[in-house]
Amino acid sequence: MLRKLVIRNYALIDEVEIDFSEGLSIITGQTGAGKSIMLGALGLLLGERADTRAIADRTRKTVVEATFLTDVTDPETGESGPGELIVRREISPTGRSRAFIQDSPVTLTGLSECTSRLLDIHSQHANLSLNTREGQLAIIDAMADNGPFLADYRADFRQYVALRNRIRQLRELQARNIQKRASIRKQLDTLNKLKPKKGEQQEVERRFEMLSEADEIREQLNGASFVISDDADGAMPQVRAAIDHLESFNLEAVDPAPEEESLTARLKSIYIELKDIAYTIEQLADSVESSPALLAQTGARMRAYFEVVKAMGVDTGDDLVELRERLEHQLDVLESDDDQSRELEQQARTLAHTLKEKADNLTRRRREVAEDFRVRLTERAIPLGLANLKFIASIGESKLTPDGQDTVEFLCSFNKNGEMLPMSATASGGELSRLTLSIKSLMAEKMNMPTVIFDEIDTGVSGEIADKMGRMMTRMASRMQIITITHLPQVAAKGVRHYKVYKEDTDQRTISTVRELVGEERVEEIAGMLSGEHLTEAALHAARELLKL
């Protein structure tokens, strides 16, 4: 429960400190006195956006601090037990916002997750959310304890949406790459037809040159062989003759060089080398073919290389081999997108099947609770003067959304034999207030919310109905802490504690303040709610009757 609320430098509030207790607490005050400011301050503790315009004194920060009595965990022992939980929100004049739990900094998300389990504020605009299908679906889910099931479903739904987005992106990429893939395939067709190999172009050019000049090459080779080995005038016979001359006398007499380095030895080495060269030349001459067919074939291969090299914009045939490898890799990457797309499509189909099963489970749970909710809500609302109330939580089916596959609409009739219409279209202000209170009481019980704050939930009612609404709040307050802002004396008289919000002028400005009313002060406040500014004995007497004094 909310034990203490401290507000400093927020809007018209300079500084207030309010101690609350169990049961039903009442807050009253004239319109504009600052009651909504208190709710705005509490909203900051629920993680709502901070507005620097609410900082009254720009020389100091705004502070909102609440102390809750709840189960807390000892950080040293890890054990839980009853204790005080203090949460605080600070806003600097520059707009910087900070949040704390037990004096430890937390994010706004962390603050909200903590306080949303401790406090529920039903403000006047909350009635509007009850009139929306989203708000009504949230009520049915709360009554059905669908929180864990929804969290599980939404995790899968987010994954499914991410999958579909990835598939869409891949398809768009594939569409853009169609022309690119066609171009690559066309180039690969040309290269695959050529089948280039490393070094082949140079070899083809060499062979073409040889075949083109085969006769001339053979003639020159034979000529060279003749010059070397002709029996009459060839180099070999001449060298042989020189050797014979040197061997005809004792060469050592004139050439002191070692035998292996003598002139005779050197000439013999030359003779052997000339013989080998002559043999090699003869072999080359024999290898030179004069084949027009082979020349044409080699020429065609050479021209094919020239054409493809030029078409592909590279320098050599070896570059074509590297280009072919690169294009094959690029095509593999592009076509792998197709494989990935098909794989993701299969994952999406499997996940869609899982989502449908989980959505069906949510539908079943919602339909089961809808009938029980109808019965319990009708039983609770009829005593509030809604004797002819008929209520249905209609559940329809739609496509899969983050909330499942269901649409919820509350249909009501407040008149005998009246047509069932959406709650927003058929309920008057007073009827909506009573129905809303009945709904909130059921939800608060279901969710075991420690503290619920009502902001003029009794708008549009009076007299006996106001008294019955006050009694309903009293019954709720036996199980949880209820704090209600009201203009109705019948409701105000039911409180265990009563606080008044009012304005007063200081030397500098007008401020709002809060104080607890006790004894005769409370009698006078309720009498003023009955009769207005001028208190009458009848009003004072009626106030005491309401307070059972």
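Glu209, Glu213, Glu216 and Glu219 together form a negative surface patch in this predicted model. One of these residues, Glu219, is placed in helix α7, which spans residues 214–229, and Glu219 counts as exposed because its relative accessibility is 53%, where the cut-off for that class is over 50%.

Helix α6, covering residues 200–212, contains Gln201.

Turning to the loops, Gly23 sits between strands β2 (13–19) and β3 (24–28) and is buried, since its relative accessible area is 12% and buried means under 20%. Between Gly23 and Val161 there are 46 Å in space, C-alpha to C-alpha, for a separation of 138 residues in sequence.

Ala11, in the loop between β1 (2–10) and β2, has a positive phi of about 55 degrees although it is not a glycine. Asn417, in the loop between β10 (404–413) and β11 (421–422), likewise has a positive phi, near 60 degrees, and is a residue other than glycine.

| Residue | Relative accessible area | Class |
|---|---|---|
| Gly23 | 12% | buried |
| Ala11 | 25% | partly exposed |
| Asn417 | 69% | exposed |

Conventions. Residues numbered from 1 in each chain as written. Predicted model: local features only at pLDDT ≥ 70, side-chain atom pairs only at ≥ 80, totals over all residues. Heavy atoms only, no water. Patch = residues over 30% accessible without salt bridge, like charges linked within 9 Å, V, L, I, M, F, W, Y side chains within 5 Å. Areas by Shrake-Rupley, 256 points an atom, 1.4 Å probe, with all protein chains shown as cover. Salt bridge = Lys/Arg side-chain N within 4 Å of Asp/Glu carboxyl O. Lys, Arg positive; Asp, Glu negative; His and termini not counted. Charge placed at Lys NZ, Arg CZ, Asp CG, Glu CD. Helix = DSSP H or I, 4+ residues; strand = E, 2+ residues; numbered from the N terminus. Buried < 20%, exposed > 50% of the residue type's maximum accessible area, 1.4 Å probe, protein only.
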